[in-house]
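Start with the sequence and structure.

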Number of protein chains: 4
Amino acid sequence: MLVVRMEERSLSLDMARVCEILEKQGCRGRMVPHPEGVCIVAEEPREGTGEIAVLPGVRQVICTGNSFPLGSRDMAPQKESMELAPNLRIGGGNVVVMAGPCAVEGREQILEAARGVKAAGASMLRGGAFKPRTNPYSFQGLGHEGVALMAEARAETGLPIITEVMGVEDIEGMLPHVDMFQVGARNMQNFSLLKALGRCRVPVLLKRGMTATVDEWLQAAEYILAGGNHRVVLCERGIRSFEKRTRNTLDLSVVPLVKSLSHLPIIVDPSHGTGLRDLVLPMSLAALSCGADGLIVEVHPRPSEALSDGAQSLDIPTFGDFMQRVEQLLPALQADPKEKTCPLKIAM
Amino acid sequence: MLVVRMEERSLSLDMARVCEILEKQGCRGRMVPHPEGVCIVAEEPREGTGEIAVLPGVRQVICTGNSFPLGSRDMAPQKESMELAPNLRIGGGNVVVMAGPCAVEGREQILEAARGVKAAGASMLRGGAFKPRTNPYSFQGLGHEGVALMAEARAETGLPIITEVMGVEDIEGMLPHVDMFQVGARNMQNFSLLKALGRCRVPVLLKRGMTATVDEWLQAAEYILAGGNHRVVLCERGIRSFEKRTRNTLDLSVVPLVKSLSHLPIIVDPSHGTGLRDLVLPMSLAALSCGADGLIVEVHPRPSEALSDGAQSLDIPTFGDFMQRVEQLLPALQADPKEKTCPLKIAM
Amino acid sequence: MLVVRMEERSLSLDMARVCEILEKQGCRGRMVPHPEGVCIVAEEPREGTGEIAVLPGVRQVICTGNSFPLGSRDMAPQKESMELAPNLRIGGGNVVVMAGPCAVEGREQILEAARGVKAAGASMLRGGAFKPRTNPYSFQGLGHEGVALMAEARAETGLPIITEVMGVEDIEGMLPHVDMFQVGARNMQNFSLLKALGRCRVPVLLKRGMTATVDEWLQAAEYILAGGNHRVVLCERGIRSFEKRTRNTLDLSVVPLVKSLSHLPIIVDPSHGTGLRDLVLPMSLAALSCGADGLIVEVHPRPSEALSDGAQSLDIPTFGDFMQRVEQLLPALQADPKEKTCPLKIAM
Amino acid sequence: MLVVRMEERSLSLDMARVCEILEKQGCRGRMVPHPEGVCIVAEEPREGTGEIAVLPGVRQVICTGNSFPLGSRDMAPQKESMELAPNLRIGGGNVVVMAGPCAVEGREQILEAARGVKAAGASMLRGGAFKPRTNPYSFQGLGHEGVALMAEARAETGLPIITEVMGVEDIEGMLPHVDMFQVGARNMQNFSLLKALGRCRVPVLLKRGMTATVDEWLQAAEYILAGGNHRVVLCERGIRSFEKRTRNTLDLSVVPLVKSLSHLPIIVDPSHGTGLRDLVLPMSLAALSCGADGLIVEVHPRPSEALSDGAQSLDIPTFGDFMQRVEQLLPALQADPKEKTCPLKIAM
């Protein structure tokens with residue numbers, strides 16, 4: 001496919017001209033807003049792009065063999081970091097650790113968790129207000145009330161917050177309170193939701209579907225990017241396999257694979273990815289060693305009382321040890337081993 | 001779990017009394033509207049249900065070991081048929097054949113397809129107006145315009161229509177035109193959408209997720225049933241496997257398995273299920289032989305020109321032969337082999 | 001690839017000439033014995049096969065795009081039957097039903113089973129003497145003693161027998177007693193065993209590996225064919241899937257798929273394929289409806305006492321009903337629906 | 001299950017007495033030779049083991065909930081190392097790196113590879129002489145000639161050698177030359193082969209089957225252990241998944257999972273595990289970070305000319321860089337993070 005990057009100051013007339021030439025060759029151009037200047041995405045015209053590259057207002061013409069042009073590495077060959085919240089960046093050596101309970105269960109629980117993970121050095125607070133549950137009769141989360149409780153935890157601790165959005169109809173009410181939206185594995189191909197998030201200007205964490213291929217995942221991300229929201233972070237959370245001892249099978253090989261295909265940051269969820277508390281630390285170290293830009297970890301003040309996912313949640317002291325072990329490993333790792341870049345650090 | 005079926009004429013007071021007794025035993029009752037009288041669903045109380053069974057307004061107390069009480073076979077031990085549209089029933093010996101193109105591409109195409117499948121003996125017209133596409137730059141369907149074209153085809157041919165709904169925000173606009181909603185495999189666990197469809201009174205065809213277990217599928221159906229919409233039909237459309245020659249792996253064993261677990265009708269989609277035109281007929285015959293209540297088949301006036309799924313679509317003459325072969329087989333099959341029930345027939 | 005079929009009376013000199021010409025073009029010819037005349041298999045030479053077709057002793061030159069030339073449909077475009085034992089053929093309308101216990105447990109058990117399945121109309125007796133068990137401490141079968149007991153059951157009932165072979169070292173001792181060898185799913189790619197069976201002249205039932213693709217399976221069959229043993233029957237026995245209610249997921253779509261790719265007969269094992277007794281009949285009817293050439297069914301005189309696989313075994317009266325239902329369906333099915341061939345019948 | 005460990009000097013009479021008491025309770029004892037004294041394995045008797053524990057000659061009675069008693073962690077709660085060859089141990093902080101070509105292709109190739117990997121610091125030389133190929137017409141390896149060439153490479157470089165064994169009939173000829181046998185993924189449940197290897201006294205590397213669960217894998221190892229060969233090393237080599245960009249999906253979560261269940265060492269094959277040269281280093285670092293005891297890596301003097309697996313092979317200079325990166329990471333890792341053990345080092 002083809003991405004035509006326009007100058008920041010390019011005119012509507014310039015864009016129209018590009019689209020016109022594409023159309024002559026049978027390709028429909030699609031305009032995508034971007035802070036550094038509109039992008040026009042289209043199929044690659046057979047007769048080449050030479051004519052387009054020299055048009056007024058055109059900054060760059062990028063051809064890519066991938067089906068996810070805006071998300072492909074060709075769009076940003078060098079590693080860059082992305083802003084998730086004021087003073088919090090991911091990538092380029094900044095390792096983001098998101099931590100908190102599976103579900104927001106009440107005021108005390110989320111505040112206690114927030115204080116605990118903040119003290120241990122986490123970068124963001126996670127917590128589920130809208131819960132995608134297999135069974136309709138299971139606890140479905142506190143909804144907008146849960147979001148408000150997370151906002152309160154943010155106000156107290158200063159931690160940016162991330163929480164899952166399940167429906168288009170919930171976005172508007174969540175927007176004022178949320179630093180980052182999470183899309184769960186089951187909704188990875190909920191295209192209606194992805195399109196709506198593409199129209200927002202809040203970063204999105206897109207979890208991989210339970211049996212999604214990397215190409216399907218990056219095309220799902222492309223739905224958001226194609227709407228003009230260029231802040232998408234990917235999250236590997238384990239795939240469905242035949243193994244019964246673990247909840248899912250964490251597929252760390254997608255970390256270096258995604259990095260070779262895309263400029264989007266990628267983090268790993270070792271909690272859902274394994275379902276076993278004792279595997280959270282070793283798999284986190286492994287994730288960072290093969291290049292992950294961050295982790296999202298379930299931490300609960302009292303895992304045994306958790307309404308969901310207790311067996312995979314760390315308590316707060318264990319999370320403190322966890323952060324220490326992560327910090328001990330980071331100096332041995334580099335943001336880009338090929339170049340002598342600075343070692344990794346936890347983003348805060 | 002537990003379902004308390006109330007008399008049709010039972011009073012709010014009666015229901016409140018049931019919930020109160022459940023609550024005393026720590027179980028929250030959930031009221032579900034039903035044409036034959038409200039149902040109250042709850043966890044099974046430890047001290048038994050004897051006290052509840054004798055309360056005024058209570059018709060029946062049903063205990064089930066399944067996590068999908070309303071959809072479980074315990075709710076309707078004998079096989080019954082379900083109305084999909086005026087004069088069109090599924091189940092109880094009525095085999096429903098839904099046929100039509102993958103996508104509504106234009107007025108002529110859908111009308112031609114509708115006339116063709118009507119003449120060949122199909123029960124319903126299928127066609128996609130909102131298309132869930134892996135890639136954001138692929139043809140996304142004609143949307144509400146496509147729905148209107150289907151409605152026109154219905155007006156001309158008399159065939160009831162079924163089409164996919166992808167987002168909560170689209171339901172209202174589709175409701176006046178659609179006889180049956182389809183939920184696609186990718187949205188099987190889009191709980192926001194399932195809840196919204198539970199509030200409608202239009203039948204829903206719920207496709208199985210690409211790697212969903214039967215229990216996950218029946219619990220997804222339960223989301224719709226728990227909203228008070230009791231007309232859910234299941235559709236096996238192939239699971240993801242390692243085989244590369246077929247698009248998916250049609251899992252016919254779920255047909256008798258679902259029938260042993262649930263009273264919901266189940267049909268089979270041999271088109272998506274195999275992705276290969278030549279496998280559509282043998283797999284359809286197999287599906288009916290192991291008890292499927294119907295088929296949903298892709299038929300296109302000119303498969304080679306189809307905007308999507310051409311390789312698995314039958315043309316209209318081939319669909320005519322297909323229907324003949326199906327009709328030849330039906331007399332050898334019985335709605336319930338254990339009892340000497342009448343042989344199957346195509347519903348029209 | 002390429003198969004050069006030689007005349008039955010062709011000379012060594014003729015074969016050497018073919019190989020020489022192939023070698024000139026960089027292709028190594030491999031000679032495969034065949035009752036109708038040697039076959040020479042090789043990569044397809046770039047410069048074509050014209051020169052070879054006119055050589056003395058060459059009957060036919062067959063080019064195929066498949067990686068399993070001897071097993072490919074191109075070798076035998078018309079449907080033919082294969083002899084499994086004197087007076088017992090499979091294919092061409094002959095449906096073979098193999099029935100018997102999972103394991104030979106003792107003299108009385110196997111004789112009782114043999115008499116029962118014979119009376120009900122089975123074509124062959126199955127029974128495991130060497131048992132591939134996941135755990136080394138589980139019952140491993142009676143070994144050669146079990147084979148001898150099966151031979152005794154054959155002597156009494158006249159039923160040809162089929163049993164699993166697990167190791168090259170066991171073949172010689174089994175050869176005098178066995179009508180057909182079975183290769184289990186776990187050994188589908190035990191190439192050492194396949195090569196040894198290729199040197200035998202006894203038919204082989206090759207079960208599909210638990211997650212094998214059709215191409216891997218047909219290439220495994222090719223190992224046997226390439227050794228000169230041309231009597232290979234394929235058996236679908238269920239693939240590993242994520243479903244927990246069934247033991248495996250029976251993949252019936254491979255039946256018409258294999259038939260389109262290969263001339264080898266294919267049968268279905270609904271017992272291992274589902275693991276549930278109640279699914280054996282519906283899935284058997286489905287298998288025959290989509291073209292299977294036979295069934296292999298577990299039958300035990302007293303399933304509740306079986307040392308293995310009791311939950312999926314039919315007792316003898318149920319197997320009698322099973323055979324009746326199968327016989328009722330067969331007249332509605334045809335060996336080759338495209339041509340008006342005679343209806344199917346059970347081979348005996 | 002139950003393991004009764006006998007004293008080294010225990011008498012046959014003592015063992016017979018243990019078996020007798022087990023039998024009284026309906027449990028058959030199975031005697032397994034072990035260098036530190038015979039073990040008797042049996043089902044756990046219902047009436048407990050008190051009577052056995054006090055018998056003469058009994059050192060220890062170990063009960064385990066697992067189906068792989070000899071391989072379970074209960075047999076060796078503390079981490080110990082295992083001897084693979086004189087002066088070469090695995091585990092307990094010794095990281096073993098096995099390196100070499102996929103297939104032995106000729107004298108020069110294997111000698112060049114051996115010298116290269118030796119110079120870079122590898123612990124062992126790998127190379128395939130018997131090759132399990134999907135297609136019977138593909139290069140099948142040099143067989144015993146290839147084994148002899150590996151032995152020559154060992155004589156020159158001093159590197160112990162590991163190579164795959166595919167059939168029971170090949171073991172005897174290989175025994176004098178081989179330091180360690182490899183069992184490939186396709187043969188993980190070739191029980192005939194496992195039993196034969198259980199009778200050898202050469203260490204065995206048991207690769208995980210393509211879709212094997214951890215329990216199936218550990219039970220396969222138990223087949224070897226139950227024969228009296230107690231030196232089994234496990235190797236994760238990627239599972240089959242739906243991802244198409246990688247050859248397999250490397251499942252690193254089994255590393256800490258296996259370590260929690262078993263005392264057997266576990267290594268990782270990032271070459272087959274990913275199929276992509278660029279993923280070998282990051283996944284190797286990840287493997288060691290989550291606790292792997294070693295790596296097995298494909299290295300070829302000229303990957304582009306390799307007869308098999310070129311795309312995943314490192315050339316010799318790249319392998320040199322690879323070893324440097326591994327050595328840089330090791331000091332940050334510990335053999336047992338819970339206790340303050342010494343850091344890891346490469347075994348040589």
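## Ground rules

A residue is called buried when its relative accessible area is under 20%; over 50% it is exposed, and in between it is partly exposed. By that cut-off A:R208 is buried, because its relative accessible area is 2%. The model is predicted.

## The C–D pair

Chain C brings 35 residues into contact with 35 residues of chain D. The buried area between chain C and chain D is about 2900 Å². Carbon and sulfur atoms give 49% of that area. Three residues stand out: C:T134, C:P136 and C:Y137 supply 23% of the area that chain C buries against chain D, more than any other three residues.

## Polar links across C–D

Two salt bridges cross the interface of chain C and chain D. One of them joins D:R240 to C:E216, with the closest N and O atoms 2.4 Å apart. Polar contacts between chain C and chain D come to 23 residue pairs, with both residues at pLDDT 80 or more.

Which elements of chain C give two or more residues to the side that touches chain D? They are α5 (168–174), α6 (191–198) and α7 (214–225) of chain C. The largest share comes from α7(C), with four residues. By class, the side of chain C that touches chain D has 15 nonpolar, 12 polar and eight charged residues.

## The A–B pair

Now the interface of chain A and chain B. Here 35 residues of chain A are in contact with 35 residues of chain B. The area buried between chain A and chain B is about 2900 Å², and carbon and sulfur atoms give 49% of it.

Two salt bridges link chain A and chain B. In one of them A:R240 pairs with B:E216, the closest N and O atoms being 2.4 Å apart. The interface of chain A and chain B also has 23 residue pairs in polar contact, both residues at pLDDT 80 or more. On the side of chain A that touches chain B, the elements giving two or more residues are α5 (168–174), α6 (191–198) and α7 of chain A. There α7(A) gives the largest share, four residues. That side of chain A divides into 15 nonpolar, 12 polar and eight charged residues.

## Salt bridges within chains

Side chains of opposite charge can pair when their charged atoms come close. Over all chains, the structure holds 76 salt bridges. A local example sits in chain A: A:R17 and A:E20 form a salt bridge at 3.1 Å, N to O. A:R17 and A:E20 are three residues apart in helix α1 (residues 12–24) of chain A, so about one helical turn separates them. A:R17 counts as partly exposed at 34% relative accessibility, and A:E20 counts as partly exposed at 42%.

C:E112 forms a salt bridge with C:R302, and the closest N and O atoms are 3.2 Å apart. C:E112 lies in helix α3 (residues 107–120) of chain C, while C:R302 lies in the loop between β14 (294–298) and α11 (316–329) of chain C, so the pair ties together parts 190 residues apart in sequence. C:E112 is partly exposed at 30% relative accessibility. C:R302 is partly exposed too, with a relative accessible area of 33%.

## A buried pair and its network

Is the pair of A:R208 and A:D251 buried or exposed? A:R208 has a relative accessible area of 2% and is buried. A:D251 is buried as well, at 1%. The side chains of A:R208 and A:D251 meet in a salt bridge at 2.9 Å, N to O. A:R208 lies in the loop between β11 (204–207) and α7 (214–225) of chain A, and A:D251 in the loop between β12 (232–236) and α8 (254–261) of chain A, so the pair ties together parts 43 residues apart in sequence.

Salt bridges with shared partners join A:R208, A:E236, A:D251 and D:E243 into one network.

How values were computed:
Residues numbered from 1 in each chain as written. Chains lettered and ligands numbered in written order. Predicted model: local features only at pLDDT ≥ 70, side-chain atom pairs only at ≥ 80, totals over all residues. Heavy atoms only, no water. Contact = heavy atoms within 4.5 Å. Buried area = accessible area lost by both parts, 1.4 Å probe. Salt bridge = Lys/Arg side-chain N within 4 Å of Asp/Glu carboxyl O. Polar contact = N/O pair within 3.5 Å; in protein donor to acceptor, adjacent residues only side chain to side chain. Nonpolar A, V, L, I, M, F, W, Y, C, P; charged D, E, K, R; others polar. Buried < 20%, exposed > 50% of the residue type's maximum accessible area, 1.4 Å probe, protein only.
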